[in-house]
Each structure stands twice: as structure tokens, then as C-alpha cells.
Amino acid sequence: QVQLVESGGGSVQSGGSLRLTCAASGYPYSTYYMGWFRQAPGKEREGVAAIYTGAGSTYYAGSVKGRFIISQDNAKKTVYLQMIDLKPEDTAMYYCAAARRGGYYFPFVFVEADFGYWGQGTQVTVSS
């Protein structure tokens, strides 16, 4: 069965950095989209970054572009989210997600329904 295990969350001050890790198992991984979503209290879950594992193409929400970097280690089936210059509005539960179906499509849009597998989430708290 597919398992996505996140780690790396925590509490930092504004301007700080964190790196989230998502290790996938029981999942084909290659030529699939992997993504990071987040959900703040009282808000809907939103996509923040995604990567197409086949080519390494990356996609970002406008609110994090230039501050977050998604990367991968294909051999380890692991996706990373490096977050710098964190702001209080980045405070949320962060979820790793894996696409239901493989293959590349364009344009890429963050749609929760396209991701069929989810991790348990890791909390990121940024204080001002």
C-alpha cells in the first residue's frame, strides 16, 4: 500500500528556514506528480509546490515562489520542500501528496482531486 511519511516541520521565527521531507513507499513514483499542500486553521487546503518526477519540472503557488524550492531524490523516492524567509502566514499543516495517475500533463494546476495519496501532515509554525 502507498505510504507517504512527512518530517521536518517545526516552529521558527519569521525569516527562518525549514526543510520538509516526504518519503514514499509502495508507489510507482517515477513519471508522477508529487506535491506539497498546506492548510491553515479556518482555511481551505491549498497547493504550494509540485514536481513532475519524470523530468523534474516544478510548479509553485504565487505566494511561495522565490521562497520555497521543491526537489527530489528519485533513488530514495523522496521529495523535499526547502522553505526560506518564512512568514507568519506560512503557518499551516503541510501535507505531502502523490498523484492518482502517472504521466505528464500541461498546464499543471493544483487540484486536490488529482492527488489520491496523502501523508499525515507535518506542522509548520512561524512566529513574528
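Predicted model: local features only at pLDDT ≥ 70, side-chain atom pairs only at ≥ 80, totals over all residues.
Two residues are in contact here when their heavy atoms lie within 4.5 Å of each other. Setting aside neighbours within four places in sequence, L81 touches L18, R19, L20, W36, V48, A49, F68, I69, I70 and Y94.

The largest nonpolar core contains 38 residues, and L81 is listed with M34, W36, M83 and Y94 as having the most contacts inside it. Two or more residues come from each of β3, β4, β5 (46-52), β7, β8, β9 and β11 (122-127). The top contributor is β9, which supplies six residues. In soluble globular proteins, nonpolar side chains tend to be buried together.

Now let's turn to the loops and their backbone. Between β3 (18-25) and β4 (33-39) runs a loop that holds Y29. Although Y29 is not a glycine, its phi is positive, near 70 degrees. Is Y29 buried or exposed? Its relative accessible area is 2%, so Y29 is buried, the cut-off being under 20%.

You will find K77 in the loop that links β7 (68-73) with β8 (78-83). K77 has a relative accessibility of 28%, and therefore counts as partly exposed.

One more backbone feature deserves a look. Which residues does a cis peptide bond join? They are F106 and P107, with omega at about 0 degrees. P107 sits in the loop between β9 (92-99) and β10 (115-118).

Technical notes:
Residues numbered from 1 in each chain as written. Heavy atoms only, no water. Helix = DSSP H or I, 4+ residues; strand = E, 2+ residues; numbered from the N terminus. Buried < 20%, exposed > 50% of the residue type's maximum accessible area, 1.4 Å probe, protein only. Core = buried A, V, L, I, M, F, W, Y, C linked by side-chain atoms within 4.5 Å.
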